[in-house]
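I opened this notebook to keep track of what I looked up in the structure shown below.

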Amino acid sequence: MKQFESEVPSSLPASRLRSVRYRMWGVVAVLFALWAVAPGFASRSVIDMLVFSGLYTIAGLGVAFLLGQCGIVSLAQSVFYGIGAYSTAYCTTHYGWPAPAGFAIGVAISAAIALAVGWPVLRLSGYFLALATLALAIIGQVLFTEWDWLTGGTLGIGGIPHLNLFGFVLNSPQRFYYLVWPVAALLLLLHRNLLRSRTGFAMRAMRDAPAAAAVLGVDNHLLKVKVFVLSAVLGALAGSLFAHYVSFVSVDSFGVDRAINFLLLAVLGGAKTVLGTVLGALFITIMPRLLSRFGDIHAVLFAGCLIAAVIFLPEGFGGALGRMAQRLRARQART
Amino acid sequence: MAALLEVKQVSRSFSGLRVLNNVSFAVEAGGIIGLIGPNGAGKSTLFNIVSGFLAPDAGLVLYQGHDVSRLSVPARSRSGLVRTFQTPQVFANLTVRENIMAGSYKQTASGLTAGLLGTPRARADIARMRAAADAACERFGLTRVVDQLAGKLPGGQQRLVELARAWVSEPALLCLDEPSSGLNSKEVARLMQTLQRLNREGLTILLVSHDMDLVTIASSIHVLCFGEIIASGALTQIQADARVREAYLGL
């Protein structure tokens, strides 16, 4: 993905640049067409996987942004994912409120907690910060289990209504698919905007040399807190969508393993590119199911895939794609 | 001439070791002021106190007549006090242009929400940052490397990038920490010319260095030794000072 303007060699003639752009748009059009028709021919389980990929893209985008653009390792996303899910589950089943109210409450609570926790915690750095966010994930998991008056404990909350968009009930994976991916695409677009904005420059500056960024007037701590809150909002949004998709939430979905999954998708996808989040989400959703055909050994095989991906693609799938695109452009510039 | 920066009786200790002891000096607006001293004299500590990376145990830092001793680094930067680092601190994964664009951060104001939505204001800010960066690249001779990653450049060019970035941030006082460190003699000569040109255009420069060639461009020099200012004045006066010759020049 073209992350920075500088990735297009300045020596590329205008006509060739146009041709490269046309081809790029051609690829995008083909991918879009495939996406649009997929529910027509793919099985229900495949569409279900793609819906989960979309949900994980949304939640993972926040983690990837923190990691790739701010250099912050966050393992707390499962907490915000859980808050989003439980908020809408509780509001819609206990009070009968409409889903948007549940979404708003989940987002608001997550943002408030991210602000309250992030303000002191984001003064830490490196693995101290990672451990602090891990502690938050563990606390969240314990509270989701123990506060059974609110979360239903291990029994969870069932009967969460399906989303209803202007009378169109999203009660199947095929229907939900057409909601979750446009939402994910919109959020990816917004984050791409952010990456290219003044704030995006400040984030990347802070990641590479925090002292130098401060000298340029960047309030590193405040910026980290803002991005952490933004990340939490994405987590909550994904959690709320998840709750309405599966109609049942329990603590099993919001444990530390989920937090690790979100971090994993950011690392595998390539946290420095926005598109990498999608690739990472597809990988962590589809690969385990593909490998499950091999029986008990599937977990070992998945671990092997992870190790191979990290060794051979240290910049993640998105980084590798970006490098490939750069090479192609450079080759075209030469010919 | 009015003092742009005044350091008044600043002291600082680390684990009981007194690194600065009642240090006082002033930087007049429009000048190039040198701060020299042997290794371990306390130059870096003093520089960190002036730029806000360290707080003094005692004493004041006055900038444009205001006490900034407790102000954060970004707050000082916003008021025009900008520094560079002994080891160039470029944003390694950004290109040269992007590094310098980041220098215009405080000249622009669009926030996170505007950035997310890609509002016209956010786009105008980027256009402005880009124009300023391109002008700076032209001025500092970086046009040929404008699209290269700053982290891949040799040390001399990284220092130029850092200087150009500081310049686009429109400082009133530019504090340079050992700017000639790692440069060859040609690069030092070019740096001296650049600094003199910036100074002629009205930029006040505080130069911390142990490079005696570089400080020849300073209109006034303060000599720091074992945490105390032992001499102040023009270069000829400093060179003639017996304490300086003994403590710094080893003569």
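**Entry 1: a residue inside chain A**

I began with A:Leu187 and looked up its partners: leaving aside residues up to four places away in sequence, A:Leu187 touches A:Ile58, A:Leu61 and A:Leu234, where contact means that the C-beta atoms of two residues, placed from the backbone, lie within 7 Å. I noted before going further that this is a predicted model, in which local features need pLDDT of at least 70 and side-chain atom pairs count only at pLDDT 80 or more, while totals for chains, interfaces and linings use all residues. I also noted that residues are numbered from 1 along each chain as its sequence is written, and that chains are lettered from A and ligands numbered from 1 in the order in which they are written.

A:Leu187 belongs to helix α7 (residues 173-195) of chain A; helices (H or I, at least four residues) and strands (E, at least two) are DSSP runs, numbered from the N terminus. Is A:Leu187 buried or exposed? I found it buried, because 21 other C-beta atoms lie within 10 Å; the rule is that 20 or more other C-beta atoms within 10 Å make a residue buried, 12 or fewer make it exposed, and anything in between makes it partly exposed, with C-beta atoms placed from the backbone. I also looked up A:Val274, which is 87 residues from A:Leu187 in sequence and 9.9 Å from it in space, C-alpha to C-alpha.

**Entry 2**

Two packed helices are described by the angle between their axes and the distance between the axes. The axes are lines fitted to C-alpha atoms, for helices over the stretch in contact, and the angles run from 0 to 180 degrees between N-to-C directions.

I looked up the pair of helix α2 (residues 44-70) and α12 of chain A, whose axes come within 8 Å and cross at roughly 135°. That angle makes α2(A) oblique to α12(A), since angles under 35 degrees count as roughly parallel, over 145 as roughly antiparallel, 65 to 115 as roughly perpendicular and the rest as oblique. The crossing of α2(A) and α12(A) is right-handed, a word used if the near helix is turned clockwise from the far one by less than a right angle, and left-handed if anticlockwise. The residues that make the contact include A:Phe52, A:Tyr56 and A:Leu61 of α2(A) and A:Val278, A:Leu282 and A:Arg289 of α12(A). By class, this contact of α2(A) with α12(A) has 10 nonpolar, 7 polar and 1 charged residues, where Ala, Val, Leu, Ile, Met, Phe, Trp, Tyr, Cys and Pro count as nonpolar, Asp, Glu, Lys and Arg as charged, and the others, Gly among them, as polar.

Next I turned to α12 (residues 274-291) and α13 (residues 298-312) of chain A, which pack at an angle of about 140° with their axes 9 Å apart. This makes α12(A) oblique to α13(A), and α12(A) passes α13(A) in a right-handed crossing. The contact is made by A:Met287, A:Pro288 and A:Leu291 of α12(A) and by A:His298, A:Leu301, A:Phe302 and A:Cys305 of α13(A); these residues divide into 6 nonpolar, 1 polar and no charged.

I found α13(A) hardly covered, with a count of 1 buried residue among its 15 residues. Helix α8 (residues 198-208) of chain A is mostly covered, as 11 of its 11 residues are buried.

**Entry 2: positive phi angles**

A:Ser247 has a positive phi of about 65° although it is not a glycine, and it is found in the loop between α10 (220-246) and α11 (256-269) of chain A. B:Gln9, also not a glycine, has a positive phi of about 50°, and its place is in strand β1 (residues 3-14) of chain B.

**Entry 3: where the chains meet**

Last, I looked up the interface, in which 35 residues of chain B are in contact with 26 residues of chain A. The side of chain B that touches chain A has 17 nonpolar, 11 polar and 7 charged residues.
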